Amino acid sequence: MDGVIEKVDDAKREARVPKRVMLLVNRHARARGHGVAAAIERLEKAGVEVFVETAGSPGEMGADIVRRASEADAVMVGGGDGTLNAAAPGIVDTGLPLAILPLGTANDLARTLRIPTDPVAAAEVLLAGHRRRIDLGYVNEHPFFNVASIGLSVALADALTPNLKRRWGKLSYVLAGLRVVTRARPFSAWIAEEEHGAWREVRTYQVAIGNGRHYGGGMVVEHEAEIDDATLDLYSLEMKGVLRLALLAGAFQSGRQGLWREVRTAKGQSFLIRTSRPRSINADGEIIGKTPARFRVAPGAITVFAPPAPG
């Protein structure tokens, strides 16, 4: 995304229902065909002009948004959390509001924002015109919506092959998770809240930092976490044996794993993590680099079409 990027003008952002929508589609999305066609039909019936941009690779998505930003009032991203992650830089750079067409396996950002997975119902969210400002997390300046983590989640990302997802859908997370947990080994890490600077050495199976609420196919990073609270939520799994991990399954569904004494938790706007050797980092299901890592939150970085926040 070299060169000067022209921000979308304020008049376009103020319109409740966009007139021209760029639909950026992951060509490998599980539910792509019928879902995309149904969403386009509903939008066009409502008078919205839709043009489709099919990304050749995740690395091209941000550039595709920037290249055609002047033609659109909004971007609808069709795919899963990995596709949204890849599109995030282009959305930030252009300032275009984001609509979500959930076509992935987990669709955790859509779940956090209460956007339905039915394609026509997801199109209706855009047509309702309600917008929210949400936070964006960054790890080593790579954006993430849901969670970035080190440890078990990296092995899980490797185990979640495209074939497994296609065959088993959401159940693939359970199957891959069982395989990963039985082989898990703890590692040494040092964690610091950047604002305070005190390092803590831990032996952990995973350190996860959440910007949103849901991740990993419906797990909850922390029971009070919200995607617009200007805060990151950290947990570290420091139990003595792998069998204790299995007992945490129910707690992860509600985000109350922090009640266990073996789980370290913290809230903050930025964290630093070092490991005894470089370890891969998973951001929204994609491997994006290695430790050491700096995590930070960018409050209100992106505008999304979504139902009003509860409460």
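This dialogue asks how some descriptions of a predicted model follow from its computed values.

Reader: What makes helix 3 and helix 4 roughly parallel to each other?

Author: Helix 3, residues 58–67, and helix 4, residues 81–94, pack at an angle of about 25 degrees. Angles under 35 degrees count as roughly parallel, and the two helices are therefore described in that way. Their axes are 7 Å apart, and the crossing is right-handed.

Reader: Which residues of helix 3 and helix 4 meet?

Author: From helix 3 come Pro58, Met61, Gly62, Ile65 and Val66. They meet Thr83, Ala86, Ala87, Gly90, Ile91, Asp93 and Thr94 of helix 4. By class, this contact has 7 nonpolar, 4 polar and 1 charged residues.

Reader: Why is aspartate 233 called buried?

Author: Buried means under 20% relative accessible area. Aspartate 233 has a relative accessibility of 2%, and therefore counts as buried. This residue is placed in strand 13, residues 232–237. Leaving out residues up to four places away in sequence, aspartate 233 touches Ala208, Ile209, Gly210, Val221, Glu222, Ala225, Ala266 and Lys267.

Reader: Why are asparagine 140 and glutamate 141 called partly exposed?

Author: The term covers values between the buried limit, under 20%, and the exposed limit, over 50%. Asparagine 140 has a relative accessible area of 38% and is therefore partly exposed. The value for glutamate 141 is 47%, so glutamate 141 is partly exposed too. Asparagine 140 lies in the loop between strand 5 (131–139) and strand 6, and glutamate 141 is found in the loop between strand 5 and strand 6.

Reader: What is the phi of asparagine 140, and what is the phi of glutamate 141?

Author: Asparagine 140 has a positive phi of about 50 degrees, although it is not a glycine. Glutamate 141, which is not a glycine either, has a positive phi of about 65 degrees.

Reader: Which peptide bond is cis, and what is its omega?

Author: The bond from threonine 291 to proline 292 is cis, with omega near 5 degrees. Proline 292 is in the loop between strand 17 (286–290) and strand 18 (293–305).

Reader: Which residues touch the most other members of the largest nonpolar core?

Author: That core has 51 residues, and Leu98, Leu113 and Phe145 touch the most other members. A second, separate core has 19 residues, including Phe144, Ala148, Phe187 and Ala293. In soluble globular proteins, nonpolar side chains tend to be buried together.

Reader: What does phenylalanine 145 touch?

Author: Not counting residues up to four places away in sequence, phenylalanine 145 touches, among others, Leu84, Ala88, Leu98, Leu109, Ile134 and Asp284. Glycine 82, which lies in helix 4, is 63 residues from phenylalanine 145 along the chain, and their C-alpha atoms are separated by 9.7 Å.

Reader: How many of the protein's residues count as buried?

Author: Of its 311 residues, 52% count as buried. The secondary structure comes to 11 helices and 18 strands.

Note on methods:
Residues numbered from 1 in each chain as written. Predicted model: local features only at pLDDT ≥ 70, side-chain atom pairs only at ≥ 80, totals over all residues. Heavy atoms only, no water. Axes fitted to C-alpha atoms, helices over the stretch in contact; angles between N-to-C directions. Helix = DSSP H or I, 4+ residues; strand = E, 2+ residues; numbered from the N terminus. Parallel < 35°, antiparallel > 145°, perpendicular 65-115°, else oblique. Left-handed = near helix turned anticlockwise from the far one by under 90°. Contact = heavy atoms within 4.5 Å. Nonpolar A, V, L, I, M, F, W, Y, C, P; charged D, E, K, R; others polar. Core = buried A, V, L, I, M, F, W, Y, C linked by side-chain atoms within 4.5 Å. Buried < 20%, exposed > 50% of the residue type's maximum accessible area, 1.4 Å probe, protein only.
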